[in-house]
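Subject: Handover of a structure and notes on it

Dear colleague,

Please find below the structure that I am handing over to you. My notes on it come directly after.

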Amino acid sequence: MHDLAAVLLAASTLAVAAGPGQDPLEEHRWRHRVLLLYVPAADVPALASFREQLRARDCGVRDRDLVIGEIVGPGEGSLGGRPLAGSEIDRLRERHAVPVADVVTVLVGKDGGTKVRTDGVADLGAIFGRIDSMPMRRQEMSERGSGRCR
């Protein structure tokens, strides 16, 4: 019986350790919306455009509980400022079916579902509009106020 307990403890430890590599979005479910940009390389103008939009509308990003992710090429990426492991990048590319050569923006809701998928860099104003039309966001606005930023 003692051996079974040791095996179960080891298995649960491995499951927890493997967690982030399995689904990097899971830690954000029910707490944040996630906006992902997939680009083939760091020097693609789409990445600079995306970052500029985010800088210009930082307050709106925070007000909407958005976590930003950038997936660059086949093996570089971050989510909420945290570097992603190769397995996490692979998992995200597979989940959203984004080839390495494409530029794609994906909005994932707090429930973990894909809400918007756009070829190229999505307009942040349009993303905000989509978020603001969601029932969960409408509830947030009624509880917090209509939003500190527009």
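Predicted model: local features only at pLDDT ≥ 70, side-chain atom pairs only at ≥ 80, totals over all residues.

Residues are numbered from 1 along each chain as its sequence is written, and side-chain values use heavy atoms, with hydrogens and water left out.

Overall fold. The chain has 6 helices and 6 strands, where helices (H or I, at least four residues) and strands (E, at least two) are DSSP runs numbered from the N terminus. Along the sequence they follow the pattern α-β-α-α-β-β-β-α-β-β-α-α. Of the 150 residues, 41% count as buried; buried means under 20% relative accessible area, exposed over 50%, and partly exposed in between, with a 1.4 Å probe and protein chains only. Among contacts (heavy atoms within 4.5 Å) with a separation of 6 or more, 61% come from residues 24 or more positions apart.

Nonpolar cores. A nonpolar core is a set of buried Ala, Val, Leu, Ile, Met, Phe, Trp, Tyr and Cys residues joined through side-chain atoms within 4.5 Å. The largest one holds 20 residues, of which Leu35, Val61, Leu66, Ile68, Leu107, Leu124 and Ile127 touch the most other members. Two or more residues each are given to this core by strand 1 (33–39), helix 2 (45–56), strand 2 (66–72) and helix 5 (124–132). Leaving out residues up to four places away in sequence, Ile68 touches Leu35, Phe50, Leu54, Val61, Ser78, Leu79 and Gly80. A second, separate core of 14 residues includes Ile71, Ile89, Leu92 and Val98.

Helix 6. Within residues 135–144, Arg137, Glu140 and Met141 are buried. Seen down the helix axis, the buried residues fall within an arc of 100°, so they line one face of helix 6; the arc is that of the directions from the axis to the C-beta atoms. Pro135, Arg138, Ser142 and Glu143, on the other side, are exposed. The cover over the buried residues includes strand 1, helix 3 (58–63) and helix 5. Gly145, which follows helix 6, has a positive phi near 110°.

Cavity. The structure holds 1 cavity of 30 Å³ or more, and about 50 Å³ of space lies in the largest cavity. A cavity is a set of points, on a 1 Å grid over the protein atoms alone, where a 1.4 Å probe fits but cannot get out, and lining residues have an atom within 4 Å of a point. Grid points are joined across faces, edges and corners, and a volume is the space filled by probe spheres set on the points. The lining includes Leu25, Glu26, His28, Arg29 and Arg95.

Loop residues. Asp65, in the loop between helix 3 and strand 2, has a positive phi near 55° and counts as buried at 15% relative accessibility. Ala97, in the loop between helix 4 (86–96) and strand 5, has a positive phi near 50° and counts as exposed at 54%. Gly113 lies in the loop between strand 5 (104–108) and strand 6 (114–119). Gly113 and Arg29 are 84 residues apart in sequence and 9.4 Å apart in space, C-alpha to C-alpha.

With kind regards

Notes. 1 Å grid on protein atoms, 1.4 Å probe; cavity = no way out; pocket = protein on both sides within 12 Å on 5 of 7 lines; lining within 4 Å.
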